[in-house]
Amino acid sequence: MTISILHTTDSWWVETPTGAVKVATAATSTAQLLGDRAAIEAALESSDTVPVDSLKLISPVTRPCRVVAQMTNFESHVKDAGMDPTSIPLTFFRKASASICGPFDDIVKPAHVQLLDYEVEIGLVIGHPIPVGTSISDTNLADFIAGLVVTNDVSARDIQLPQTQFYEAKSYPTFTPVGPKLLLLNANELKRFGDLRLRLQVNGEERQNALVEGDMLYRPLQALQSLTAFQELAPGDLILTGTPIGTALSAPPKPVEIIGNLLPPAVKWKAFFKRQAGNTKYLQHGDVVEASVATADGALDLGVQRNVVRYT
């Protein structure tokens, strides 16, 4: 049975059918909580609940931590970007953990950013230390992945594209909403990862809707095998697994792309951003972004995050 972990500024909670039960733990970080499984199990036996909607929830993934993200990891997104899915390697980029915010916090656009985009993603939360060179297989994958969270990889496209690197464009404060819950899984439940459906709406309009199965290129097993060949991971670290088609940014028509590649970079980007300025799918002040991840039968349900966009 999955266990839903909730987090407020001063407490950890488990969600039960009748409400939320406070976990009797001294843990102040996600890593420490994951190491206090006895306290989590004890809370599940309690009937001393409060309504979940009475809690002011913050991210169940605490910072500092490593935040690592997979690039172009859904076939639908790769094709929308004008690329061939068979040519896409398994690659990663980093985000600052200071970009993590709560599931109901505002997404704050810096004044100099013009093209603010969204990307609903499934986040993997690491549960045990993974030294470089650790052997990871289907049989022990669940030993290292404690659970899953809904994440939104918010992106400043006008910063990202000319720089040809992602770190700044995806690391501003509030650019990684996480939660509302951390769904702890056992090995059998993790095997249903392919049944998860990612959804994102802006002001009630559906922008993204995709099933992992048949669309995600590299699954968690491949991601962790690749990562731990060169980098250690620790409990509480967060791995973002990519986003499907439906982001505001998409590839230009092929003839336009060919012409653009012949231009000097400064001229090319000026023309590109002039076209993008008319794209109404980029996030505007006051927009409400709702993101969710769940299986069709509700057996795995990571909850719904709801963030309002605020321009500074």
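1. A pocket, as the term is used in this note, is an open set of grid points with protein on both sides within 12 Å along at least five of seven lines, and its lining residues have an atom within 4 Å of a point. The points below concern a predicted model.

2. Domain boundaries. The assignment divides the protein into domain 1 (1-56) and domain 2 (61-311). The contact between them involves 16 residues of domain 1 and 18 residues of domain 2. A distance of 27 Å separates the C-alpha centres of domain 1 and domain 2.

3. The second largest pocket and the two domains. Both domain 1 (1-56) and domain 2 (61-311) contribute to the lining of the second largest pocket, with at least three residues from each. The volume of this pocket is about 270 Å³.

4. Lining residues. In total, 16 residues line the second largest pocket, and those nearest its centre are Leu34, Arg37, His128, Ala146 and Leu185. Sorted by class, the lining comprises nine nonpolar, four polar and three charged residues.

5. Secondary structure around the pocket. Two elements, α4 (141-144) and β11 (145-152), each provide at least two residues of the lining of the second largest pocket. The largest share, three residues, belongs to α4.

6. Thr151 in β11. Strand β11, which contributes to the pocket lining, also contains Thr151. Is Thr151 buried or exposed? Thr151 has 0% relative accessibility and therefore counts as buried, the cut-off being under 20%. Leaving aside residues up to four places away in sequence, Thr151 is in contact with Glu119, Val120, Glu121, Ile122 and Gly123, as well as with Pro177, Val178, Leu238, Leu240 and Gln305.

7. Overall dimensions. The radius of gyration of the protein is 20 Å, which agrees with the value near 20 Å for a compact globule, because the chain has 312 residues. The C-alpha trace extends over about 65 × 45 × 35 Å along its principal axes.

8. Fold content and burial. The protein contains nine helices and 19 strands. Of its 312 residues, 53% are classed as buried. Where contacts link residues at least 6 apart in sequence, 77% of them join residues at least 24 apart.

Note on methods: Residues numbered from 1 in each chain as written. Predicted model: local features only at pLDDT ≥ 70, side-chain atom pairs only at ≥ 80, totals over all residues. Heavy atoms only, no water. 1 Å grid on protein atoms, 1.4 Å probe; cavity = no way out; pocket = protein on both sides within 12 Å on 5 of 7 lines; lining within 4 Å. Points joined across faces, edges and corners; volume = space filled by probe spheres on them. Helix = DSSP H or I, 4+ residues; strand = E, 2+ residues; numbered from the N terminus. Nonpolar A, V, L, I, M, F, W, Y, C, P; charged D, E, K, R; others polar. Domains from an automatic or database assignment. Rg over C-alpha atoms; globule rule 2.2 N^0.38 Å. Buried < 20%, exposed > 50% of the residue type's maximum accessible area, 1.4 Å probe, protein only. Contact = heavy atoms within 4.5 Å.
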